[in-house]
Amino acid sequence: MTEEKPQIRVRAVRKRFGRLEVLRGIDLDVKRGEVVVVMGVSGSGKTTLIRCLNFLEEPDEGHVEVCGREVACGAGRSRERSSQIRHIRTHVGMVFQSFNLFPHMTALGNVTEGLVTVKKMPKREAIVLGERMLARVGLAEKRDEYPSRLSGGQKQRVAIARAIAMQPDVVLFDEPTSALDPELHEEVLNVMRGLAADGMTMVVVTHEVAFAREVADRVVFMDEGTIVEEAAPAEFFARARHPRARSFLRLMQHSDPEGGAAAERDGQSLALGGNH
């Protein structure tokens with residue numbers, strides 16, 4: 001029986017910012033329905049990696065294939081390449097750490113905007129779907145509230161509703177709880193647990209150890225722009241092999257039990273530098 005093709009396939013991807021090489025030849029496969037958690041200290045390349053998966057950052061070298069469309073990186077813009085990137089973006093949702101909601105739109109408006117402007121969905125249909133997505137993240141009663149009247153956790157749940165309303169095949173999360181007060185982490189993580197239980201393919205950059213233990217199929221640990229270790233959560237947290245991974249986990253053990261933000265701050269002494 002032929003093995004199913006990975007939903008995400010990354011080969012030899014490199015990315016530079018000036019003289020700093022942030023990604024140094026990344027290879028990564030993500031299967032359909034898999035939840036992959038990416039960990040590492042600040043500056044290890046985690047965020048740059050997931051931004052390269054939907055071309056918010058343009059890789060300088062390598063190949064990225066998402067949902068059956070492959071893009072050769074560093075080849076310059078062409079009509080065909082731009083079409084491939086647009087195709088990938090229609091299949092990939094992104095949830096940012098800073099929410100990125102439109103302040104002049106209600107929660108429902110934020111969720112329906114992409115449906116109307118990108119998918120060209122009739123407004124009435126978009127509203128019905130938007131209301132359903134807000135209900136899914138527990139915010140049906142907040143449909144008419146503006147972001148300024150929402151808590152951080154509620155804003156992030158609206159951002160997740162916006163991402164899944166586009167009916168993506170893959171959702172990328174860039175440290176979705178890092179901008180939240182510790183008591184708000186759990187309401188966002190519960191939504192993510194629900195998506196994972198529904199079989200959504202997810203790549204999650206996070207320091208949430210409990211979430212990784214419970215939900216991830218695989219933990220990928222990055223250091224200095226490379227993937228130095230991949231393992232199932234139970235194996236990674238109990239028996240990490242790479243010295244940098246073990247150092248990171250020791251910092252996590254001494255960090256805030258609610259999240260691991262302190263570990264990231266302390267771990268910056270291990271990083272090359274920068275915020276990528």
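Predicted model: local features only at pLDDT ≥ 70, side-chain atom pairs only at ≥ 80, totals over all residues.
Residues are numbered from 1 along each chain as its sequence is written. Local features need pLDDT of at least 70, side-chain atom pairs count only at pLDDT 80 or more, totals for chains, interfaces and linings use all residues, and side-chain values use heavy atoms, with hydrogens and water left out.

Let us start with the rings. Rings of Phe, Tyr and Trp (its six-membered ring) pair if their centres lie within 6.5 Å, with planes under 30 degrees apart called stacked, over 60 edge-to-face and the rest tilted. By this rule there are three aromatic pairs. One of them joins F221 and F248 in a tilted arrangement, with 5.3 Å between centres and 55 degrees between planes. This pair links distant parts of the chain, as F221 and F248 are 27 residues apart. Together with F236 and F237, they form one aromatic cluster.

| Residue | Element |
|---|---|
| F221 | strand β9 (residues 218–223) |
| F248 | helix α9 (residues 243–253) |
| I88 | helix α2 (residues 79–91) |

I88 counts as buried because its relative accessibility is 0%. Leaving out residues up to four places away in sequence, I88 touches L53, N54, F55, V66, R69 and V71 (heavy atoms within 4.5 Å). L53 is 35 residues from I88 in sequence, and their C-alpha atoms are 8.6 Å apart.

Conventions. Helix = DSSP H or I, 4+ residues; strand = E, 2+ residues; numbered from the N terminus. Buried < 20%, exposed > 50% of the residue type's maximum accessible area, 1.4 Å probe, protein only.
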